[in-house]
Amino acid sequence: MLILTEEEIRGAVTMDEAIRAVEEAFAALSRGEARLPGVIGLEIPESRGEVHVKGAHLAGAPFYVFKVASGFWSNAERGLPVSGGLVMAFDAATGQPAALLLDNGYLTDLRTGAAGGVAARYLAKKSPQRIAMIGAGIQGRFQLRALARVLGSLPPVAAWSLRPETAAAYAREMAEELGAEVEVAPTVEAAVSGADLIVTSTPSRGPLVRAAWLSPGAHLTAVGSDGPDKRELHVDVLARADRVFADRLSQCLRLGEIHHAVEAGALREEDVAGELGDLILGRVPGRGSDEEITVADLTGVGVQDAAIAAAALRALRP
């Protein structure tokens, strides 16, 4: 069995390659060319920890994949990475273990950022003038890197974090890395007001973004709500949105922002415009005008893990 280290994996797949792989994975899901089980979630509240197990097999792929990813939110105080995990690949013909990717959650971070890039490619206005990043952790960095690749150049960015020092470090690092103008916003409202591309990537269990703060034409990509108790958008955001999309609707009805809005009666299942794969394939229309408000609810789908693992294995397998 091939065993790959985090150092090897980090150099194997570029963000551009990740975006292509994830986009095709969503399309394959909508074409019915993927098999995947439901998400397994495990909460460890005494450690402020959560664990997710996701897996999939894409039709014709030589491997099926299972991923275990964790987020332990007190680790930052211990000087440890917040996210962790590994990916297991099995031979799709024999079921035998084929590879163990000891990525410490890197591939999950990469494919989640790539999904945000795909959502922005299809739903954001062509030339956004201001970006709001709600959440300034690891995923906030991957989301902005993906947006830089999709947009070509970044407009001014306003970043908010519960800890101002975290937002300040984010602003310095991302400005240097991406050559962007990144400022710290004192509140979520200040970050979101006037932004036409908004990304939320926090572990919040209470709504952070309100509909009243949104400008016409804003697109929101919600990344953090990957568990039934997590949420970043007030349900009035989804009620106000002109078009709401899911990465996988059946999953978003259990885990994501859509789940909370439907439960509250602010949105009906039939009001959801479609899945990202439907949008990629042209089966449903996307943004209709520069005045529409759009939302992408990204809960993280096993096909993303299968696709990103396949990209790493193509680069690294002898």
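## Second largest pocket

The second largest pocket holds about 330 Å³ of space, a volume being the space filled by probe spheres set on grid points joined across faces, edges and corners. A pocket here is an open set of points on a 1 Å grid over the protein atoms alone, where a 1.4 Å probe fits, with protein on both sides within 12 Å along at least five of seven lines; lining residues have an atom within 4 Å of a point. This is a predicted model, in which local features need pLDDT of at least 70 and side-chain atom pairs count only at pLDDT 80 or more, while totals for chains, interfaces and linings use all residues. Residues are numbered from 1 along each chain as its sequence is written, and side-chain values use heavy atoms, with hydrogens and water left out.

The lining has 18 residues, with Leu-58, Ala-61, Ala-306, Ala-310 and Arg-314 nearest the centre. Elements giving it two or more residues are α2 (15-30), β5 and α11; helices (H or I, at least four residues) and strands (E, at least two) are DSSP runs numbered from the N terminus. The largest share, five residues, comes from α11.

## Helix α11

Of the 15 residues in α11, 11 are buried, that is, under 20% relative accessible area with a 1.4 Å probe and protein chains only; exposed is over 50%, and partly exposed lies in between. Among the buried residues are Gly-302, Ala-306 and Leu-313.

## Largest pocket

About 1400 Å³ of space lies in the largest pocket. Its lining comprises 49 residues, and Trp-73, Val-82, Ser-201, Thr-202 and Pro-203 lie nearest the centre. Helix α3 supplies the largest share of this lining, five residues. Strands β4 and β12 (205-209) are among the elements that each supply at least two.

## Salt bridges

The whole structure contains 19 salt bridges, each a side-chain nitrogen of Lys or Arg within 4 Å of a carboxyl oxygen of Asp or Glu. Lys-230 pairs with Glu-50 at 2.8 Å between the closest N and O atoms. Lys-230 lies in the loop between β13 (219-222) and β14 (231-233) and Glu-50 in strand β4 (residues 49-58), so the pair ties together parts 180 residues apart in sequence. Both residues are buried. Shared partners join Glu-43, Glu-50, Arg-205, Asp-226 and Lys-230 into one network of salt bridges.

Arg-31 forms salt bridges with Glu-24 (2.4 Å, N to O) and with Glu-33 (3.1 Å between the closest N and O atoms). Arg-31 is partly exposed at 31% relative accessibility, as is Glu-24 at 42%.
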